[in-house]
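Subject: Structure for you to look at

Hello,

Here is the structure I promised to pass on. Please open it and keep it beside this email while you read.

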Amino acid sequence: MSDTDSPGIEHENFTKWAVAHGIKIKGVAPARFPGRRLGMIATRDIKENEIMLSIPMKLMLTIDSIPTEFVSQFPEGASIHGILAAFLTHGDPELLSELDTWRSVWPDWEEFENSMPIFWPKHLRVSNSASEIPSEDDQQQEPSEGAPVLLPPSISGRWNSLPSISQSATKPYETRYQNLLAQQGKRLRSAWDSVLSVFPETEWKTFAYNWSIINSRSFYYISPGKEEPEDWNDAIGMVPYADYFNHVDDAACEVKFDGRKYTFKATRRYEKGEEVYMSYGSHSNDFLLVEYGFCPDDNPSDAVYLDDLIIPDLSAEQKEALDAHDCLGNYEIISSGLDERLVAVAKIKHMSLKNWREFTNSKDGSERASDAKRVGEIHRGWLERYLEESTFAVHATEDVLKTVADESTRAKLDLILSRWKQIVQLCESAYESTSPYT
């Protein structure tokens, strides 16, 4: 571990607790990596297909491990996420004491406050969210009139170069990776209202901290015999020790839950001293920033969305036709080229509806070279608009940085600036990928 630091006595004690309670740990351990968060390191060479970690379900924190009498206090429709956070806040002290060794290794409130945009000062997290988040921070700074929106549109739902756009102007569709801050704020506000209905004396910061722990450290879990919940955010449970793994999109780690235990298997050989990752899923960097507070430099699943540029210019007939072919909305910028949805909407912009339907329904999908060229031109036009927004946001963030001395605020602005520069690079790569269409 020459390039890592000891994680600390509390992590050593937690490892002993984990082994004593039936967690099987083979070849991995928590480690502190310089300049980054805690992660999992290979303590020896690990063979391909070797199971590194096995955790029995009895040690998980789930809706089924919470006493029924506690759960039954909450109103119908209360989120599982919120109830789990409420249990960590107001559960039986004797039951919670069993989690003390685990809880001692969790991040503190300051880490969430610094890394998660939802807890940033108001002038840094301007968005289209209607869910105001309570705060006990006297330093909350209201955004000045005309202040720039610093967070990217996929997070904030706002643009500096476009008027505010309401999705109600078109047929509703699922936007999992857009309006991220509004969606997260709605979930947190709903959970907060639910806990207040049962425990009106709840302290905001304590509950928000526990909600963030559940939000950032949970794994997929559905109660035995039950269907997947309508809100995928409620298919969650906490898995002790496994929450040390950091994320990369293409992690060489196979994660399985068979109803009795979670297992983590190496899908390639690891050398001693190498960090071992798992994948939190194929998510955009905007999603990873909002939910987990980080933006990896290398993310094959990164994307930003063009819906705000495209949908307002579509006619009702065009929207209806796109919807009928499951091509309405969620238009991604990806670095590797044009995805099918973007091609479909670009074609409908320059074809008559009759020709578009004939082309879409044709078996060979053949097209004239002139059509392909026009698709490329339309696509590049959208990218140019997004690059205009990105360039403005980069300069605006740099201008704000020049006026800020507080190190905590500067760190947040640096994170925003880094994200915008990733978006610029993504747009430029996508622009270059349209060359086959010229």
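D399 is partly exposed, because its relative accessible area is 43%, between the cut-offs of 20% and 50%. Its side chain meets that of K402 in a salt bridge, 3.7 Å from N to O. Both residues lie in helix α15, 3 residues apart, which is about one turn of the helix. K402 is exposed, at 70% relative accessibility. Please note that this is a predicted model.

Elsewhere, shared partners link salt bridges into one network that holds D45, R269 and E271.

Helix α15 covers residues 369–402, and it holds another pair, R374 and E377. These two form a salt bridge, with the closest N and O atoms 3.3 Å apart. They too sit 3 residues apart, about one turn of the helix. R374 is partly exposed, with a relative accessible area of 37%. E377 is also partly exposed, at 33%.

How many salt bridges does the count come to? The count is 16. One of them joins the side chains of E254 and K256, at 3.8 Å from N to O. E254 is partly exposed, with 29% relative accessibility.

Now the strands. Strand β8 spans residues 253–257 and strand β9 spans residues 261–266. They pair in the antiparallel sense, over 5 bridges. V255 has F264 of β9 as its bridge partner. The two strands make a hairpin with 3 residues between them. G259 sits in the turn and has a positive phi of about 90°.

C253 also belongs to strand β8. Is C253 buried or exposed? It is buried, because its relative accessible area is 9%, and buried means under 20%. The C-alpha atoms of C253 and I51 are separated by 9.3 Å, while the two residues are 202 residues apart along the chain.

There is an open sheet as well. It has 4 strands in the order β2-β3-β10-β7, with mixed pairing. Which strands stand at the edges? They are β2 (28–32) and β7 (246–247). Each has a single partner strand, so one side of each is left without a neighbour in the sheet. Strand β7 runs parallel to β10 (residues 275–278), and 2 bridges join them. N246 has Y277 in β10 as its bridge partner. As background, strands of a sheet pair through backbone hydrogen bonds, either parallel or antiparallel.

Next, some backbone angles. Most residues other than glycine have a negative phi. N179 has a positive phi, near 50°, and is not a glycine. N179 is found in the loop between α7 (153–156) and α8 (180–198). It is partly exposed, with a relative accessible area of 21%. D326 is not a glycine either, and its phi is positive, at about 55°. The loop that holds D326 runs between α12 (316–324) and β12 (332–333). D326 counts as exposed, at 57% relative accessibility.

Last, the surface. Which residues form a negative surface patch? They are E69, D92, E94 and E98. E98 is placed in the loop between α4 (93–97) and α5 (100–103). E98 counts as exposed because its relative accessibility is 51%, and exposed means over 50%.

Best wishes

Notes:
Residues numbered from 1 in each chain as written. Predicted model: local features only at pLDDT ≥ 70, side-chain atom pairs only at ≥ 80, totals over all residues. Heavy atoms only, no water. Patch = residues over 30% accessible without salt bridge, like charges linked within 9 Å, V, L, I, M, F, W, Y side chains within 5 Å. Areas by Shrake-Rupley, 256 points an atom, 1.4 Å probe, with all protein chains shown as cover. Salt bridge = Lys/Arg side-chain N within 4 Å of Asp/Glu carboxyl O. Lys, Arg positive; Asp, Glu negative; His and termini not counted. Charge placed at Lys NZ, Arg CZ, Asp CG, Glu CD. Buried < 20%, exposed > 50% of the residue type's maximum accessible area, 1.4 Å probe, protein only. Pairing = 2+ DSSP bridges.
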